[in-house]
Amino acid sequence: MKPVILPATMAALYKVSEYVLTAAATAKLNKKATYCLRLAVDETATNIVSYGYALEEQGRLYLSSRCDEQQLAIILEDTAAPYNPLAALAAAERSLQLPFEQRPIGGLGVYIAWQSADEFHYELVGDRNRNTFVMYRDPTSE
Amino acid sequence: MEIQIATRADIRIAALRGDVNATTAAEIQRRMLPFATTGEKILLDFSQVTYMSSAGLRMLLSLYRQAAAKQGRLVIVGLSDNIRDTMSVTGLLNYFTTCENLDAGLAILGWSV
């Protein structure tokens with residue numbers, strides 16, 4: 001799919017989901033994989049808007065996709081301060097071990113994103129954070 | 001997102017429709033928290049909710065804690081398999097009272113036809 005650049009605002013997050021859903025439909029991902037991919041990208045984009053850009057509306061989200069016979073990848077980039085969301089995974093996993101009453105109310109997003117995508121990669125490329133979400137295509141759903 | 005709130009006997013029923021995400025969860029919380037008062041019974045009907053992100057989980061946690069602190073009760077009905085999975089992987093599913101459908105939820109909260 002053609003890459004898109006979106007404003008990094010809460011109001012534009014639905015367009016991130018629309019992009020993912022269209023890419024998933026084009027790649028003929030099944031319903032479960034489509035839902036999981038949307039969830040992984042939405043959680044991460046929400047964190048970028050809320051914390052990366054700290055709700056500053058000049059920020060941009062750069063979305064692109066790559067599809068081959070085996071997999072669909074959604075690539076989400078931003079120019080906020082360098083931040084590896086996967087570095088927060090260990091803390092998120094630790095908080096899941098706490099009794100319900102003591103759990104911090106945030107920090108679930110990155111854990112859900114990690115659990116939902118078949119692969120979740122982070123790299124810093126120049127001044128951009130690049131998050132890549134991969135879902136494997138099921139050849140039987142063609 | 002649409003929220004329709006109804007009252008049946010002493011039970012507040014909130015029927016949600018659409019996506020529960022970072023932009024809609026705050027609105028649901030704002031509408032529902034005033035009902036989480038002493039001894040109140042709240043039923044959230046998720047049967048028309050097609051998507052929920054962690055913002056929805058945070059909303060449910062806040063509502064649950066508020067209700068529990070005031071000896072209220074919260075029941076969630078009609079969760080889709082996808083939403084149930086999200087609640088399950090985060091270890092939250094078992095903490096909530098969930099039912100298949102509205103009638104079962106109302107029965108748990110003491111409503112009988």
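**Sheet and helices of chain A**

Trainee: What is the strand order in the open sheet of chain A?
Mentor: This is a predicted model. Its open sheet has five strands, in the order S1-S2-S3-S5-S4 (chain A), and the pairing is antiparallel.

Trainee: Which strands sit at the edges?
Mentor: Strand S1 (4–7) and strand S4 (119–125) of chain A. Each of them pairs on one side only.

Trainee: How are neighbouring strands turned against each other?
Mentor: By 20° on average, ignoring direction.

Trainee: What holds strands of a sheet together, in general?
Mentor: Strands pair through backbone hydrogen bonds, parallel or antiparallel.

Trainee: Back to S4(A). How many bridges join it to S5(A)?
Mentor: Seven. Strand S5 covers residues 128–136 of chain A, and the two strands run antiparallel. Look at A:Glu119 too: it stands opposite A:Val134 in S5(A).

Trainee: New topic, helices. Which strands does H1(A) lie across?
Mentor: Helix H1 (residues 13–26) lies across S1, S2 (60–67) and S3 (71–78) of chain A. It runs at about 5° to S2(A).

Trainee: And how do H1(A) and H2(A) cross?
Mentor: Helix H2 spans residues 31–52 of chain A. The two axes come within 9 Å and cross at roughly 150°. That angle is over 145 degrees, so H1(A) is roughly antiparallel to H2(A).

Trainee: Is the crossing left-handed or right-handed?
Mentor: Right-handed.

Trainee: Which residues meet there?
Mentor: From H1(A), they include A:Leu13, A:Val16 and A:Val20. From H2(A), they include A:Leu37, A:Arg38 and A:Asp42.

Trainee: How many are nonpolar, polar and charged?
Mentor: The contact of H1(A) with H2(A) has nine nonpolar, three polar and two charged residues.

How values were computed:
Residues numbered from 1 in each chain as written. Chains lettered and ligands numbered in written order. Predicted model: local features only at pLDDT ≥ 70, side-chain atom pairs only at ≥ 80, totals over all residues. Heavy atoms only, no water. Pairing = 2+ DSSP bridges. Helix = DSSP H or I, 4+ residues; strand = E, 2+ residues; numbered from the N terminus. Axes fitted to C-alpha atoms, helices over the stretch in contact; angles between N-to-C directions. Contact = heavy atoms within 4.5 Å. Parallel < 35°, antiparallel > 145°, perpendicular 65-115°, else oblique. Left-handed = near helix turned anticlockwise from the far one by under 90°. Nonpolar A, V, L, I, M, F, W, Y, C, P; charged D, E, K, R; others polar.
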